[in-house]
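Morning, everyone. Let me walk you through one structure today. Have a look at it first.

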Amino acid sequence: MNKYYESTRNKNVKMRASEAILQGLSSEGGLFVLRDINTLNLDIKALLKKDYYQIAIEVLKLFLHDFSEEEIKNCVYNAYQNKFSKEEITPLIELSDGFILELFNGPTSAFKDIGLSILPQFIKHSLSKSDCKEDILILTATSGDTGKAALEGFKDVDRTKIMVFYPDNGVSTVQKTQMKTQEGKNTKVCAIEGNFDDAQTGIKNVFVDDDFKAELDSNGIKLSSANSINIGRLIPQIVYYVYAYVKLVENNKIELGDKINFVVPTGNFGNILAGYYAKQIGLPINKLICASNENNVLYDFLQTGSYNRKRKFLKTISPSMDILISSNLERLLYYVSGCDDVYVNEIMKELNTKGEFKIKEDMLQQIQKEFSCGYATNDETKAIIKNIYEKDGYLLDTHTGVAYKVLLDNIDKEHVNVVLSTASPYKFTQSVYGSLYDLNNENEFTLMQKLHEKTQVIIPDNLRGLDKKQLLHNDKIQKSDMKTYILEKVGGLK
């Protein structure tokens, strides 16, 4: 197969894996993809009795063609060993209606830790393969979880600086405090007046501004990203789909070859796209079920083939999914269009200029064979959190609550169902506590302790005492000032 990554918007832009990881986003705004992903072949049977690390190495070998097996092994162990609170990294928990795949046992209690613990390792090895003399500036937009996970992953990493932008009123108190207390000489965090889409669009605009990049280049700095637009962030997320399947076989819950469903809470379409990649390399998946909150632009798209971001942006109790521009959908559209970069470029321009696009009917039919969808309101999410806690004694966060509601709406008793649980309930304590008990105007950190006392669910170490830490990042800007801010502040990062 072709071992070069190419841009979704210009197939003539081709890069090795290490080059694509370092660049993050193609110069014309496209995302890097492997054209022939369905020719990759993962031997699932050979993975039985292997642990998470060994499975990760085998999966990553398929995608990182210019990394040696020893380099990949080094990346995996440096990323995960002794960094996660559970030895199995992503434990699988059986509940009444299906299985929960816990993805939140990493250093920031969110699923983003899976990709963002290893991305710095990829970048370190990629730099060693390149003739790049510049330092790397990681620019990241976050709807809450990516920011802290990226900051923690890249903290004090040689030759890298990281700036994170988040919507000032669009993240939970715990998420905001995690970012504002971030240590590290190479870190900078800034709030913007606006929502996540504004932050993400601002970052993308920087990547396609040649004058801006030239100015950074003159100061010895090269841009990259830690968002899932970076293929190096997305690929590691394939691993936990494979791991879950292997565990189900080993535990005699399914036979090897049986198809299963995954229910995925998603806003930016990265987490569920990793599942699509897993299916393309041979994982027996029946359906990928896309779970949206009330910002249900993806639900509408998967139902109709029409993508329309021209709608009211809602602030929900699942803020990491409060997104109307789902960047990774572009990669899926590339594949189902027959790798038609010209077509993808056209509809992405339509989205940018008109705020909407509609795909061809045959493309929609292809997508609907692979994906189904549903969404949950705030009230429905709260009710599910309460229901599952009372029925199974398991405490869902607000994003996993969305997914669990969609699972029950789409219950398929012919296949095993796995819900991807994306965050600790303690990152959204007020909403989770309020789903179970009466609220009395207490702050999130007081409620954190009360929730622990009532449920005996352990508070993650990284969140305990967070409110006592010093606030180190208090900057706030207008969304139009991002470029100016970056140029002003980048020189102060070590």
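I'll start with the whole chain and then turn to one residue.

A word of caution: this is a predicted model.

First, the overall build. The chain has 21 helices and 16 strands. The C-alpha atoms fill a box of roughly 60 × 50 × 45 Å along the principal axes.

Of the 494 residues, 61% are buried. The accessible surface comes to about 18,700 Å². Carbon and sulfur atoms account for 42% of that surface.

Now contacts. Take those with a separation of 6 or more: 75% of them join residues 24 or more positions apart.

Charges next. The chain has 61 positive and 66 negative charges. Their mean positions are 1 Å apart.

Now zoom in on Ser172. Where is Ser172 found? Look at the loop between β7, residues 160-167, and α7, residues 173-180.

Is Ser172 buried or exposed? Its relative accessible area is 9%, and the cut-off for buried is under 20%. So Ser172 counts as buried.

What does Ser172 touch, leaving out residues up to four places away in sequence? The list is Pro319, Lys427, Phe428 and Glu444. With Lys427 there is a polar detail: the side chain of Ser172 reaches the backbone oxygen of Lys427 at 2.8 Å.

Last, a distance. Phe154 and Ser172 are 18 residues apart in sequence. In space they are 22 Å apart, C-alpha to C-alpha.

That's my tour. Thanks.

Methods
Residues are numbered from 1 along each chain as its sequence is written. This is a predicted model: local features need pLDDT of at least 70, side-chain atom pairs count only at pLDDT 80 or more; totals for chains, interfaces and linings use all residues. Side-chain values use heavy atoms; hydrogens and water are left out. Helices (H or I, at least four residues) and strands (E, at least two) are DSSP runs, numbered from the N terminus. Buried means under 20% relative accessible area, exposed over 50%, partly exposed in between (1.4 Å probe, protein chains only). Contact means heavy atoms within 4.5 Å. Accessible areas come from the Shrake-Rupley method with a 1.4 Å probe; for residues, only the protein chains shown count as cover. Lys and Arg count as positive and Asp and Glu as negative; His and the chain ends are not counted. The place of a charge is taken as NZ of Lys, CZ of Arg, CG of Asp or CD of Glu. A polar contact is a pair of N or O atoms within 3.5 Å; within protein, one must be able to donate a hydrogen and the other to accept it, and residues adjacent in sequence count only if both atoms are side-chain atoms.
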